[in-house]
Amino acid sequence: MKILVCISHVPDTTSKINFTDGDTKFDTNGVQFVINPNDEFGLTRAMWFKEKQAAIVHVATVGGPETEPTLRKALAIGADEAIRVNTVATDGFSVAKQLANIAKEGGYDLVIGGRESIDYNGGMVPGMLAKLIGANFVNTCIGIEVEGDKATAIREIDGGKETLKTSLPLVIGGQKGLVEESDLRIPNMRGIMQARTKPLNVKEPIASNAETNTVSFEKPAPKGAVKLVDNVDELIDLLHNEAKVI
Amino acid sequence: MILVYTESEEGKIKKIALEAVAYAKGIADQMGTTVTAVSINANDTSELGKYGASKILQVSNDKLGNFNAEAYADVIAQAAKNEAAKVVVVTSSANSKFLAPALAVNLEAGYVPNVISLPESTSPFKVKHSVFTNKAFASTEITTDIKIIGLGKNSYGLKENETSATSQAFSPNLDAHDFDMEIVSVDKATDKVTIADAEIVVSGGRGLKGPENWGMIEDLAKVLGAATACSKPVSDMGWRPHSEHVGQTGKPVASNLYIAIGISGAIQHLAGINSSKVKVVINNDPEAPFFKAADYGIVGDAFEIVPKLTEKLKEFKAQNS
């Protein structure tokens with residue numbers, strides 16, 4: 001089985017969000033970049049397939065050279081090979097198109113993406129990629145088993161979960177549940193050393209077009225101070241008469 | 001023409017779908033056109049006119065009894081093509097987010113989810129949407145001929161706009177690929193309000209000390225008709241199921257009221273609940289970061305305050321019903 005894990009290079013969840021150049025660009029100053037958490041759950045699940053079912057695991061991202069440390073980390077965690085499509089990730093569609101090309105060329109059986117990236121929250125790359133390559137697709141995926149060319153996937157739905165049977169090739173939009181938080185791996189020294197010699201292939205992008213274009217950013221207006229109350233009667237009164245939510 | 005997909009569950013149109021119709025009507029007014037709604041296996045679509053739909057395409061098909069992203073996207077795409085829709089509005093529900101990417105590829109349409117208001121302009125077509133898990137907003141231009149908008153829950157409101165609506169049956173062509181996925185089982189609590197649908201969410205954190213103490217959270221939620229939720233550490237420790245985890249890597253919450261009990265308010269948690277309208281925090285630590293993000297707060301012991309709040313709310317409900 002050949003697995004492609006699509007990795008988004010995103011600011012760490014604790015990052016302060018600021019913008020520069022007249023609020024047109026994300027301010028990367030002092031920001032630590034990581035593997036998108038939803039993708040990391042998928043990557044860790046892919047490691048399980050590698051160990052239990054001898055899967056070959058490749059990782060790919062669309063971005064400039066600054067994304068390479070993130071790919072190296074994925075290699076240190078255990079991926080066999082990394083691919084970087086050397087272009088700026090502009091919108092979800094153009095990224096999906098580049099990754100679809102990688103997926104097609106590599107003949108992957110399973111493509112694992114994240115439910116959404118924690119920066120732009122588009123949540124569209126895996127679904128678009130699946131449609132572009134004509135593969136089946138399961139979003140908000142919290143469990144995946146593969147046997148031959150059949151797959152069983154569990155999808156989180158509002159208030160519960162749904163179990164689906166489908167066939168490969170399959171694309172999933174993964175999230176926590178694929179593995180637990182405690183299953184995530186911190187690369188060890190051996191992994192880090194090995195990652196240095198594993199292939200990181202840089203590919204030039206195919207012709208693609210963005211369909212959306214972010215013009216500017218803004219931050220929410222600062223919030224007013226909290227109203228502290230002493231007792232529950234006062235709280236109920238405020239929620240009823242002032243906030244009008246009960 | 002603006003097309004809006006009106007989601008339903010077990011035949012009943014969802015409230016977020018009504019909000020999407022109202023929003024579609026808002027865009028239609030900006031662009032001087034009308035709204036067509038497409039519904040799949042809904043029993044009663046009479047309400048859609050109230051929010052501004054002038055035409056309703058009703059799809060009835062037993063094969064579409066369960067949500068199926070591939071097939072549903074196909075249905076909406078065909079409706080959009082038939083009606084020559086310029087803008088397609090969907091919600092930001094899990095199901096809409098599942099089907100929208102396929103719909104976008106099919107229609108060669110640019111798609112922006114988590115949109116929070118009417119387009120800032122319709123030529124160029126520019127919308128504001130939340131990014132960085134509600135820590136910022138972006139203004140994004142959609143440059144394709146057809147545009148797809150995923151409306152964020154609770155961001156536009158249920159604005160009424162009485163319109164006389166005509167209904168007609170719509171029979172899309174479905175192909176075998178639409179049914180490549182077989183639902184083996186569905187495991188869903190039917191008696192509980194889900195976080196996605198809830199107007200009010202009651203959420204507990206590590207301050208509750210253990211899963212055995214969740215009774216008071218459930219009691220409070222019950223009085224309020226609320227969904228229950230939890231912080232990330234609580235779900236990581238297995239006190240509560242993953243499906244209740246709200247925050248950056250969990251579920252987003254966009255309820256009218258969010259009550260956080262014994263949750264300190266880590267940046268990742270706050271990001272996930274930021275689009276809730278009113279936030280209440282109950283915590284014994286006055287320095288908890290949540291107090292900076294909340295509208296109302298009580299500093300004190302949750303084990304004393306929560307049962308008292310539940311009792312008083314019962315009295316309040318009895319008086320006000």
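Chain A has 6 helices and 15 strands; helices (H or I, at least four residues) and strands (E, at least two) are DSSP runs, numbered from the N terminus. This is a predicted model, in which local features need pLDDT of at least 70, side-chain atom pairs count only at pLDDT 80 or more, and totals for chains, interfaces and linings use all residues. Residues are numbered from 1 along each chain as its sequence is written, while chains are lettered from A and ligands numbered from 1 in the order in which they are written.

The C-alpha trace of chain A spans about 60 × 45 × 40 Å along its principal axes. Of the 246 residues in chain A, 49% are buried (20 or more other C-beta atoms within 10 Å of the residue's own, with C-beta atoms placed from the backbone).

Now to the partner chain: 59 residues of chain A are in contact with 70 residues of chain B, contact meaning that the C-beta atoms of two residues, placed from the backbone, lie within 7 Å. Elements of chain A that each supply at least two residues to this side include helix 1 (37-53), helix 4 (125-133) and helix 6 (232-242). Strand 11 of chain A gives the most, with 8 residues. By class, the side of chain A that touches chain B looks like this:

| Class | Residues on the side of chain A that touches chain B |
|---|---|
| nonpolar (Ala, Val, Leu, Ile, Met, Phe, Trp, Tyr, Cys and Pro) | 24 residues |
| polar (the others, Gly among them) | 20 residues |

Thr214(A) has Thr140(B) in strand 10 of chain B as its bridge partner.

Key. Two strands pair if DSSP finds at least two bridges between them. A residue is buried if 20 or more other C-beta atoms lie within 10 Å of its own, exposed if 12 or fewer, and partly exposed in between; C-beta atoms are placed from the backbone.
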